[in-house]
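Let's walk through a protein model together, one piece at a time. Keep the picture at hand as you read.

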Amino acid sequence: MPLKLRLLLTNACSARCTYCHNEGQQKAGDRLDLAAIEQLLDTLAGGGICVSEIVLSGGEPTLHPQLAEIARRCKASGAWVSINTHAGHPTKLVPVLPWLDELKIHVDSFDQQRQRDSMGIGIAKVRQ
């Protein structure tokens, strides 16, 4: 059976979605660090467990300062790597793209006002 991991890299988020599935969690800077992720991947590999897919998620994963290194290490494991993001920080997302197989962008509306009302993030940043 394929093993899929969803890594909640940080609970920090710059969006203000009224319907957030992380509702009730602290919005502090708590995060997984690269060393912990490497240890997890090494332990699984050492036990002969093949990870087929790794989803980088959060909070907003682009707020994690080690995101590019984490994505690179996850890709080096041989897994399919994807990210769930609101894409409101394009300059933080671009360095990660070489190690991603799939980019999942959360957008509620391409109408500027509806997007801002729903998520607190302008669509112009996402389009960038």
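This is a predicted model: local features need pLDDT of at least 70, side-chain atom pairs count only at pLDDT 80 or more; totals for chains, interfaces and linings use all residues.

## Where helix H1 ends

Now look at the helix itself. H1 covers residues 34-46, which makes 13 residues.

Which residues of H1 are buried? They are Leu34, Ile37, Leu41 and Leu44. These residues cover an arc of only 100 degrees around the axis, which puts them on the same side of H1.

What covers the buried residues of H1? The cover includes strand S1 (3-10), strand S2 (51-58) and helix H2 (67-76).

## H1 meets H2

Two packed helices are described by the angle between their axes and the distance between the axes. For H1 and H2, the angle is about 10 degrees and the axes are 10 Å apart. Angles under 35 degrees count as roughly parallel, so H1 is roughly parallel to H2.

Both helices bring residues to this contact. H1 contributes Leu34, Ile37, Glu38, Leu41 and Asp42, while H2 contributes Glu69, Ile70, Arg73 and Cys74.

## Cysteines without partners

A disulfide is a covalent bond between the sulfur atoms of two cysteines. How many disulfides does the structure hold? It holds zero. Cysteine 13 is in no disulfide, and the nearest cysteine sulfur, that of cysteine 17, is 6.2 Å away. With a relative accessible area of 30%, cysteine 13 is partly exposed.

Cysteine 50 is in no disulfide either; for this residue the nearest cysteine sulfur belongs to cysteine 74, 13 Å away. Cysteine 50 counts as exposed, at 59% relative accessibility.

## A serine in H4

Finally, find serine 118 in helix H4 (residues 112-119). Is this serine buried or exposed? Its relative accessible area is 18%, and buried means under 20%, so serine 118 is buried.

Leaving aside residues up to four places away in sequence, serine 118 touches Arg16, Cys17, Thr18, Tyr19 and Asp108.

How values were computed: Residues are numbered from 1 along each chain as its sequence is written. Side-chain values use heavy atoms; hydrogens and water are left out. Helices (H or I, at least four residues) and strands (E, at least two) are DSSP runs, numbered from the N terminus. The expected span of a helix is 1.5 Å times one less than its number of residues. Buried means under 20% relative accessible area, exposed over 50%, partly exposed in between (1.4 Å probe, protein chains only). The arc is that of the directions from the helix axis to the C-beta atoms. Contact means heavy atoms within 4.5 Å. A disulfide is a pair of cysteine sulfur atoms within 2.5 Å. Axes are lines fitted to C-alpha atoms, for helices over the stretch in contact, and angles run from 0 to 180 degrees between N-to-C directions. Angles under 35 degrees count as roughly parallel, over 145 as roughly antiparallel, 65 to 115 as roughly perpendicular and the rest as oblique.
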